[in-house]
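Hi,

Here is the structure I promised to pass on. Have a look at it first, and my notes follow below.

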Amino acid sequence: GNKSYCAVARNPDGKQVWATIGSTDHHLIEDAREIAREAIKRIKNGLAPFPPLEIRPDSFKAVAENYLKLHVEANKLRSQSEIERILEKYLYPILGDTDFEGIKNTDVSTLRDDITATNGKWEADHAFAILRGIMNWYAARSDDYVTPIKRGYKSFKQKDRARNRFLSREEIRLVWKAAGSIGVYGSMVRFAFLTAQRKGKIEEMQWDHLDGEIWHIPREEDYDAKGHPSKLKLPQLALDVLAKQKRIEGNPYVFTGRTSGYFNGNSKAKVRLDNKVATLLKEKAQVEPIKPWRFHDLRRTASTLMNEAGVRPDIVERVLGHAIE
C-alpha cells in the first residue's frame, strides 16, 4: 500500500505526538529526515509539529473556510464536525494551498482514487461529496467560475447503502478469520458479530462498564427514546475477545487507540481487513470477491441469525436496544 514518513516525539506534558510528513513518493529520505528533526524540536517545545501556513486569499483552504463560515455555520448544519474532519484529514493536506480556480477534474479524480486506496470507497466518496459541495457553493457566488467536476461523476447516495445487507455464513467465516490478524479493529468486528451492538457503543466501552459477564451500557438522554438496554449479558466468545484486549494505564477504554482514547482508525483498518479477506479468497482459489459491507451490517447479520435460530422477536429487539411497545 501507500507509505508515508512520520515523526513522533513527546510534548512537555509527556503526550506522544505523531506528525505525518508526507508520502514516500513525494519526499526524498534526506529531506524527510530534515523535516522530521524540525518537527520533533517543535513538539518538544510544546508547539504544533509544523508552523501554520499563511492562507492565500485565492487558495482552496481560504474558500473552504468561507464555506464553513457562510454556509455550514450560518445554516447550523449538523454535519459541521464531519465536514471539518474530512477537510482536515483529506482535503487541506493535498489541496489546501492550491489555487482554487486552478483545480482540475484530473486533480479531483486523483484525490478520490488515492483516498479510496488508503481509506476505502465510502470515505473517498464522502470527501468527494464535500469537495463538490464547496465547488458548487463557490460557483453560485461567482460570475465566471465553473466547477471542474464533470456531469455523471457521482458520489454515493444514502439509498445506495442498502439496509438489507447481511453476511452469509461463508462470509462470516472469512471475515471472522481475517479479523484475527487486524488487531483492535478485528476484535471490535468479532465483538459486533457476538453482541449485535452499534459501533459507537463498542468504541466507547470502558472497563468499569463490565461486571463479570454483564456489560452495563451507559444511557445518555439522547438515546432514552430508543430504549437502549442498560445492561447486556455477554456470551463466552465475547468475553474471550475482551480477555485479549490490553489494558493501558490511564486509558479507561477496552478497545484502545495507539496511545490514548478509544480506537478511531476505522477506515484504514477496514481496508486492511478487506485486503486480508481478499487474500483468503485467493488461497481458496475463489476469484469472486464478497460484496461490500459496512460495520453496521454486522449488527444486521447478528439480528438475522438470532431470528433464524428461533430467538423470540421481543428478545432480539431488546438485544438490539429497540424500544418494546
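Predicted model: local features only at pLDDT ≥ 70, side-chain atom pairs only at ≥ 80, totals over all residues.

Helix 4 passes helix 5 in a right-handed crossing (right-handed if the near helix is turned clockwise from the far one by less than a right angle, left-handed if anticlockwise). Residues are numbered from 1 along each chain as its sequence is written, and side-chain values use heavy atoms, with hydrogens and water left out.

Back to that pair. Axes here are lines fitted to C-alpha atoms, for helices over the stretch in contact, with angles from 0 to 180 degrees between N-to-C directions.

On the helix 4 side, Val108, Leu111, Arg112, Ile115, Thr116 and Asn119 meet Lys121, Glu123, Ala124, Asp125, Ala127, Phe128, Leu131 and Met135 of helix 5 (contact means heavy atoms within 4.5 Å). By class, that contact has 8 nonpolar, 2 polar and 4 charged residues (Ala, Val, Leu, Ile, Met, Phe, Trp, Tyr, Cys and Pro are nonpolar, Asp, Glu, Lys and Arg charged, and the others, Gly among them, polar).

Helix 4 also packs with helix 10, at an angle of about 70 degrees and with the axes 7 Å apart. These two are therefore roughly perpendicular to each other. Ala117, Thr118 and Asn119 in helix 4 meet Ser267, Lys268 and Val271 in helix 10, giving 2 nonpolar, 3 polar and 1 charged residues.

Now the glutamine. Gln245 sits in the loop between helix 9 (236-243) and helix 10 (266-283), and at 10% relative accessibility it counts as buried (under 20% relative accessible area; exposed is over 50%, partly exposed in between, with a 1.4 Å probe and protein chains only). The Gln245 side chain makes a polar contact with the side chain of Ser187 at 3.0 Å (a pair of N or O atoms within 3.5 Å, one able to donate a hydrogen and the other to accept it within protein; residues adjacent in sequence count only if both atoms are side-chain atoms). Leaving out residues up to four places away in sequence, Gln245 touches Ser187, Trp207, Val254 and Phe255.

For the overall picture, the chain has 12 helices and 5 strands (DSSP runs numbered from the N terminus: H or I of at least four residues, E of at least two).

Cheers

Terms used: Parallel < 35°, antiparallel > 145°, perpendicular 65-115°, else oblique.
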